[in-house]
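Subject: Structure for you to look at

Hello,

Here is the structure I promised to send over. Please open it first, then read my notes below.

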Amino acid sequence: MTQQNRTSEGGRIDRGTPVTFTFDGKRYQGFAGDTLASALLANDVHLVGRSFKYHRPRGIVTAGSEEPNALVGVARSRAKHASGEATPNLRATQVEIHDGLAAESQNRWPSLAFDIGAVNDKLSPLFVAGFYYKTFMWPKRFWNRVYEPFIRAAAGLGKAPTKPDTDTYANTYAHCDVLVAGGGPAGLAAALAAARSGARVILADEQAEFGGSLLHERGAEIDGKPAADWVTDAIGELGDNPRVTLLSRTTVFGYFNQNFLALAERVTDHLAEPDPALPRERMWQVRAKEVVLATGAIERPLVFPENDRPGVMMAEAGRIYANRYGVVPGKAIAVATACDSAWRAAFDIAEAGDTIAVIADLRAEPPAALVERAEALGIRVEPSCAVTGVIGKTRVTRVLLGRMSDTGVVPAGEVEADCLLMSGGWTPNVSLHSQARGKLDWQPHMGAFLPGDPVQAQRSAGSCRGVDGLAEVLADGARAGVAAATAAGHTGEAPVFTATGGDAGSGWWLGAVPHDRDASRVRAFVDFQNDVTAKDVKLAVREGMHSIEHIKRYTTTGMATDQGRLSNMNALSIASGALGNEIPQVGLTTFRQPYTPVTFGTLATTSRGDLFDPLRKTPIHDWAAEQGAAFEDVGLWKRAWYFPRGGEDMHDAVARECRTVRESVGLFDATTLGKIEIVGPDAAEFLNRIYTNPWTKLGVGKLRYGLMLNEAGFIMDDGVVGRLADDRFHVTTTTGGAPRVLAHMEDYLQTEWSDLNVWLTSTTEQWAVIAVQGPKAREAIAPLVDDIDLSGDAFPHMSLREGHVMGGVPCRLFRMSFTGEAGYEINVPPSRARAVWEAVWANVEKLGGCAYGTEAMHVLRAEKGYIIVGQETDGTVTPDDVGMSWAIGKKKPDFVGKRSLARPDLVAEGRKQMVGLLTKDGKTLLEEGAQVTVERSPARGTSALGHVTSSYQSPAAGRPIALAMIAGGRDRIGETLHVPMPNGGIAVEVVQPVFVDPEGSRLNA
Amino acid sequence: MPDTALYAPATTQGASVVSRPDVTVTRAAPLARLAFRGDATAAGKAGAAFGASLPMAPLAANPVGQRAALWLGPDEWLLLAASGTVGEEVPWALARTLCDEIATAVGTHPHALVDVSERNVALIVSGPRAAALLNTQVFLDLDEGAFPVGQVTRTLFTKAEIVLWRTGPDTFVVECWRSFAPYVEGLLANG
């Protein structure tokens, strides 16, 4: 609870608001404004995790989202952590602390300090690059049982949550003239410039506060104000502009085509007690006319032995913790560098009164001004000096120095230090430019790749394109902001900012640092998170990997959560040295989205649970639910499946419903059928072309079953079509096929048959459909029908009438059947459907009838041998295959699929044809999908003749029935075939696919 | 209140879907709705009979009192009419009458006219945060400069098709198919 590393003053934390949190169960204190990393460092906690492969102790390395080591599991409270609701793999450098926050280290057991897995470190000679590829090769049978479980257990860091995510996630679509990614000096200047020219601007920054480096650039001034005050004023100006959207804690994680960008905003994770109405995170899907990338540069680690020990950090991170958070991460701090900026970290810390043990610069002649200033501050300076290792396992205690000379490195003593700040220079952060498909240009004099010409409407500004020095960065940002606004159609001039401080620096280093140690015994890490060493990269080259893409996959370097933003340049340099090739020839791996990991919740946004898809219910749905119906999903619809009564199981309920329909009357909700009203003088001609059947002669008031093929001649949908007038048809489609059929029709109408004067209007939801089926159907509806003569002569099977029911409710009454019984389908307005349904229901009940669901409907139609598209058919079935050649208008010159029906393979002998199957024992119910063969126990490898498509216990037949598609089936009627099952083959007789009333006499009853 | 005489809030239970200080979502009372298809000549004749001419400009709406004609496509319009008395009954009779009158006026000139009064339902989204709430699921730019008052379009509300009409600076009408309404309402209530 001591915060022994906290400075006595300074920083942007709120010292008046202490915050208590736990790490691995232990309570610590920090201040509001701290990240988990800064608060832990304030308490002198460096050791925060174990590495992925070797389980080496690891400490906090950076102060930003590129952090490779400090990955932690975080929950809002310890209770939530205990109950498995923690989010794994968050970077402690990005986690803002609040009271009660509970964080846990990862990849260690039983504890962080004593970790059994650390034995891997001792066995490290075994775990060289390509270990998996070399080890898990043979024997083959080991793969499933040994290797895969082992790899799975070892894979990944952190524990996935075990409970459903109780948080909510939001989505927002947004448009802007200029999106600025990054709110440091370049981004702020760009946003100010663009906003002043009148552009609509979105400024996003992944940190809690805007300002980037300005928040820790001690002594810098802009326009005569301290840099941090200038940031406050700039944000004030932007915030007051209604055309500007400021998004802090928001990562631009994906840059897609046509300047479409995805942003993840962390809305409530930083709050102890957030408003429950707020989402945890919000996805922003932004279409930007122009984009300014102001993503800065990332400091590069030095690759020296033991550079991964806790206490070794990036120099700029040390500066950020000192200046921004008031935390000096050690009592005696050594600095190892090849560039100027690390010296400034040393100066800031020394000026705050803390001890800099040494500045070791790889350069022979660091700038004189820096050396003078160091000497004035009493800091020991060692030029031509490399850090060759550190002593200390879970924390640095001493730093080994080596003198660089023409002949190599010679020992130059040790320095006591509990923290080592390192800097190999700066790598421009080109991730988003690369995501936007922009190429990169190698700049040998800078040792850096810079953004090349953009492919999309974007430009880079500031240090992400190699600009250095505060004044230069601000000017570059302002120029980019105005250029972007101008390209988006606005006019303005680049504002001029005067700045002092934050001067440009020099110096950089790429690749491994030379040392005097035993190369076989020490490891210098290139990629901390994936435990890749300089030796691994060299080994990969020796083993034949010559492209960086191969080296990356072989060693996993650059495959960590930072996508190699820390490691890539060092790995490239080592590979290029080993290959004797220039860096551009070795290549650079591609940066991909997401920039940093994104939660699944944010990607799913609001599409989850009951709102994942539209859940469509009919107007009868609630009635069915009240009756205790079970429902099934059909497309997006919920349909009543069956209506169990008093203790009935599904089988009993369906059997009763089927019997009732055949004996008296049943009531069925057919609302979900697709409906299309086809209107225009060429309506009949359109139907002639789109269906197999002829329509010209269908009389007004008549219905006809229609069959629709695709271009290949295969059945795609069916339904009953009624003619309302010469130029008006009411078409029905299958429930699931409705959108597909309408799209198919529109496609033909718009692209092939623009000569036709006909239009399509979906009326699926204009009409609710109440099917009344059975010998007493007419009795059930007669009392309710106002103005339609229901007598068999006036209204025969396959007719339709328009009229009214229940004293004025408009209706389209169809006399038709999908059960084989006489029946009606009453189309009524959905707003009155329930009332009509209940009125019919009252009559049905009086007549001893019942409501039936989709399962009974399936049985009833199968008893009659009526097909269901998608059950008997599977996209390879022609009308003749299912015995429906009668539905083809032979005299029609053309219809969709006609030409294909003459294809040799569609007229060949032996095609699968629909037949009925009856099990010989009269009792066994076949399984749908089961194969049908000639022999009872066919030899392995024998082809099946076909398969069972429908199988039900038929109450009408008093036995199980089945439909099947069998090769040459119609010629096999009377034959005995077999359905081989695990318990032995089942003998079946091939029969006509009609099991009830083959003459159809009941339809006209 | 919406800036149109056409849409009135429904008075049924549950009609208020969202009620916050900065945005409200309310179910609208039923209307007569007709889908009209045909060429410019047919549209001209239909407009004269309907009482609100059918706009020829893309994305345009022409509200006239308790009638409105919305452009949905080069040969497609949605015609809306209120019966004058706000009720919960769908005005079938009005729809029937309008169908007859328009059919008579257009005569034998090819066209299609279909009653879709029951197919659609409407929500009124109103308040300073109306556009922001809609933008949680609608990907269009709803800035007034890009989507001015009076503009109407068919678009997507995540997985539901809607017709979106801006009837005022802070007021939109969302028309969707009846069975998609719970989905649209659910997402707006969560947004």
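**Around Ser124(A)**

Apart from its neighbours within four places in sequence, Ser124(A) is in contact with Tyr54(A) and Arg523(A); contact means heavy atoms within 4.5 Å. The C-alpha atoms of Ser124(A) and Tyr54(A) are separated by 6.8 Å, although the two residues are 70 apart along the chain. Ser124(A) sits in the loop between helix H3 (119-122) and helix H4 (131-135) of chain A. Helices (H or I, at least four residues) and strands (E, at least two) are DSSP runs, numbered from the N terminus. With a relative accessible area of 12%, Ser124(A) is buried. Buried means under 20% relative accessible area, exposed over 50%, and partly exposed in between (1.4 Å probe, protein chains only).

**How to read the model**

This is a predicted model: local features need pLDDT of at least 70, side-chain atom pairs count only at pLDDT 80 or more, and totals for chains, interfaces and linings use all residues. Residues are numbered from 1 along each chain as its sequence is written, chains are lettered from A and ligands numbered from 1 in the order in which they are written, and side-chain values use heavy atoms, with hydrogens and water left out.

**Chain A against chain B**

How many residues of chain A are in contact with chain B? There are 38, and they meet 36 residues of chain B. The two chains bury about 3,100 Å² between them, 57% of it on carbon and sulfur atoms. Buried area is the accessible area (1.4 Å probe) that two parts lose on being put together, summed over both.

Four salt bridges cross this interface. A salt bridge is a side-chain nitrogen of Lys or Arg within 4 Å of a carboxyl oxygen of Asp or Glu. One pair between the chains is Lys159(B) with Asp613(A), at 3.0 Å, N to O.

**Salt bridges elsewhere**

Over all chains, the count is 60 salt bridges. Asp531(A) and Arg58(A) form one, at 2.7 Å, N to O. Asp531(A) lies in the loop between strand S30 (525-527) and strand S31 (532-533) of chain A, and Arg58(A) in strand S4 (residues 57-59) of chain A, so the pair ties together parts that are 473 residues apart in sequence. Both Asp531(A) and Arg58(A) are buried.

Arg363(A) pairs with Asp361(A) at 3.0 Å, N to O. Arg363(A) and Asp361(A) are buried too.

Arg656(A) and Glu648(A) make a salt bridge at 2.7 Å, N to O. Here Arg656(A) is buried, with a relative accessible area of 12%, whereas Glu648(A) is partly exposed, at 23%. Separately, salt bridges that share partners join Asp44(A), Lys331(A), Arg395(A) and Asp418(A) into one network.

**Cysteines**

A search of the whole structure finds zero disulfides over all chains; the rule asks for a pair of cysteine sulfur atoms within 2.5 Å. For Cys419(A), the nearest cysteine sulfur is that of Cys339(A), 16 Å away. Cys419(A) counts as buried, at 0% relative accessibility. For Cys464(A), the nearest is that of Cys176(A), 17 Å away. Cys464(A) is buried as well, at 1%.

**Asp755(A)**

Is Asp755(A) buried or partly exposed? Asp755(A) is partly exposed, with a relative accessible area of 49%. Leaving out residues up to four places away in sequence, Asp755(A) touches Asp682(A) and Arg689(A).

Best wishes
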